[in-house]
Amino acid sequence: MSKLTTTKKLLLASLVAGLLAGCDGKDNDSSKAVQPPPKVVESVTEPKVVESIPSVTSTAPTSEEELTAQQAAKGNLWLDVFNNKSLINIKNPNGKVSAPVLLTNITKVPDLVEKYIEISENNGKFTLKKIRAKENTLDNFFTISVFSPLGKISNKEIEGFRAIAQKIKSMKPDMPELDKAGVEYVESIISMSNALNQLMDYYKTSEEFKLDDFKKSPELHKIITEAYEKYQAASESAKLAHSNLYEQLHAKELATLKARGFDTMVVIYESVDDVSAIFDGLVNDYNENQNLKKSDKAAYEAKSKLIDDALTALKKAQQEPATLAKEGLSENKLASYIEALNAYSIAIKVTLRDMGKNQDEDLLDDLQNKQLTVIERYNSIVQG
């Protein structure tokens, strides 16, 4: 059974954009809304404990809050890169979105190369078995699976992708670890793109393989697998950089929310972390034992109760529109978040009831889908 991981679906997937919109209860003009720093969530890392909570008496953002918001905004752009989004909106100094480069093909490269590796290797070693149907004949499934119907990755996309990375890197504030990880991530995808283009030239565009009956295949395989290994390393660096950013900002955000008396937002922030902490713990258990039979069921039931407590608090908050308005919370978005959190709560109960009965992977797949919905609804709240 394959090893489960949060990387493919959740690598940095929960870092969110936007500012929380709140008000002091005296002025509901959105242009004068309180704007605590945006949320930065890492589904694996637990937040560091803050020794003291700063006293906040003014509704205007402090310079520290503004810096935190800038860091998160820049981190969000890197997140779009790490999530292989095809459209990345970078704002000019005037606040308007600059003309984006549509990354139609290059953002699909990681998935295409992963598929190539899956098809072309057997126990980690290159094999022509699923590439070569017969002499001088390419396997049709291989062609369909690995090569984009849009053709090769163009130089325009490659240079556009590189330019995006440099533009984000040049933005203030300087964030050396994240910027370095971001640039390396982009360059690793560019290297894979060039390697994939070589494959496409050999197998599809020119069909050169018909001249030498796949003689060049091992050499091309070596090039693309080396590029893929560098991509994997770059992905891990990106994940670590995001985790460090999360640890740096998370405690600050919670401190600000608590100091402003935004109790409902605190429950939302902490509950989304609890959701991921439970899932990640179960995934680690599964990867260690290839099942959940040895998982500490009682410990997870205690953690599950935190989700139930959060649901109780949030349902109570739904009955207090004035409080929600103070915190800049949309009643509809809160209702949607509660709905998703409730679905996760039920899914975790089902998982704990049935785990260890030879369906653990299916249980975790369902739990992950529920987690992703919670994160999406959460993102919608903090994006305002």
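Which residues are linked with Glu159 in a network of salt bridges? I shall begin with the answer to that question and then proceed through the rest of the structure. Please keep in mind throughout that this is a predicted model.

The network joins Glu159, Arg162 and Glu187. Within it, Glu159 forms a salt bridge with Arg162, and their closest N and O atoms are 2.9 Å apart. Both of these residues belong to helix α5, where they are 3 residues apart, about one turn of the helix. Glu159 is partly exposed, because its relative accessible area is 44%. Arg162 is also partly exposed, because its relative accessibility is 26%.

Side chains of opposite charge can pair when their charged atoms come close.

The next pair is Asp179 with Lys74, which form a salt bridge with the closest N and O atoms 3.0 Å apart. Why does this pair tie together separate parts of the chain? Asp179 lies in helix α6 and Lys74 lies in helix α2, so the pair connects parts that are 105 residues apart in sequence. Are these two residues buried or exposed? Asp179 is buried, and Lys74 is buried as well.

The other example is the pair of Asp213 and Arg132, whose side chains meet in a salt bridge at 2.8 Å from N to O. This pair, too, links distant parts of the chain, 81 residues apart. Asp213 is in the loop between α7 (209-212) and α8, while Arg132 is in strand β3, residues 132-134. Asp213 counts as partly exposed because its relative accessibility is 25%, and Arg132 counts as partly exposed because its value is 27%.

Let us turn to the nonpolar interior. In soluble globular proteins, nonpolar side chains tend to be buried together. In this model, the largest nonpolar core has 52 residues. Those with the most contacts inside this core are Val81, Ile106, Phe142, Leu196 and Tyr203. Which helices supply at least two residues each to this core? They are α2, α3 (109-120), α4 (140-146), α5, α6 and α8. Helix α6 gives the most, with 14 residues. Apart from this core lies another one, of 40 residues, among them Met265, Ile307, Leu329 and Tyr337.

Leaving aside residues up to four places away in sequence, Val81 touches Ile88, Phe161, Ile164, Ile168, Tyr185 and Val186.

I come now to the packing of helices. Two packed helices are described by the angle between their axes and the distance between the axes. Helix α2, residues 63-82, packs with helix α8, residues 217-259, at an angle of about 150 degrees, and their axes are 11 Å apart. The crossing of α2 past α8 is left-handed. On the side of α2, the contact is made by Glu64, Glu65, Thr68, Gln71, Ala72, Gly75 and Phe82. On the side of α8, it is made by Ala238, Leu245, Gln248, Leu249, Lys252 and Thr256. Sorted by class, this contact has 5 nonpolar, 5 polar and 3 charged residues.

Finally, I shall consider the loops. Leu87 is placed in the loop between α2 and α3. The C-alpha atoms of Leu87 and Val101 are separated by 6.8 Å, although the two residues are 14 residues apart along the chain. Leu87 is partly exposed, because its relative accessible area is 36%.

Where does Pro173 lie? Pro173 is found in the loop between α5 (155-170) and α6 (176-205). The peptide bond from Lys172 to Pro173 is cis, with omega near 0 degrees.

Gln290 has a positive phi of about 65 degrees although it is not a glycine. Gln290 lies in the loop between α9 (263-289) and α10 (297-317). Its relative accessible area is 33%, so Gln290 is partly exposed. Asn358 likewise has a positive phi, near 65 degrees, in a residue other than glycine. Asn358 lies in the loop between α12 (331-354) and α13 (360-382). With a relative accessibility of 73%, Asn358 counts as exposed, because the term applies over 50%.

Thank you for your attention.

Methods: Residues numbered from 1 in each chain as written. Predicted model: local features only at pLDDT ≥ 70, side-chain atom pairs only at ≥ 80, totals over all residues. Heavy atoms only, no water. Axes fitted to C-alpha atoms, helices over the stretch in contact; angles between N-to-C directions. Helix = DSSP H or I, 4+ residues; strand = E, 2+ residues; numbered from the N terminus. Left-handed = near helix turned anticlockwise from the far one by under 90°. Contact = heavy atoms within 4.5 Å. Nonpolar A, V, L, I, M, F, W, Y, C, P; charged D, E, K, R; others polar. Buried < 20%, exposed > 50% of the residue type's maximum accessible area, 1.4 Å probe, protein only. Core = buried A, V, L, I, M, F, W, Y, C linked by side-chain atoms within 4.5 Å. Salt bridge = Lys/Arg side-chain N within 4 Å of Asp/Glu carboxyl O.
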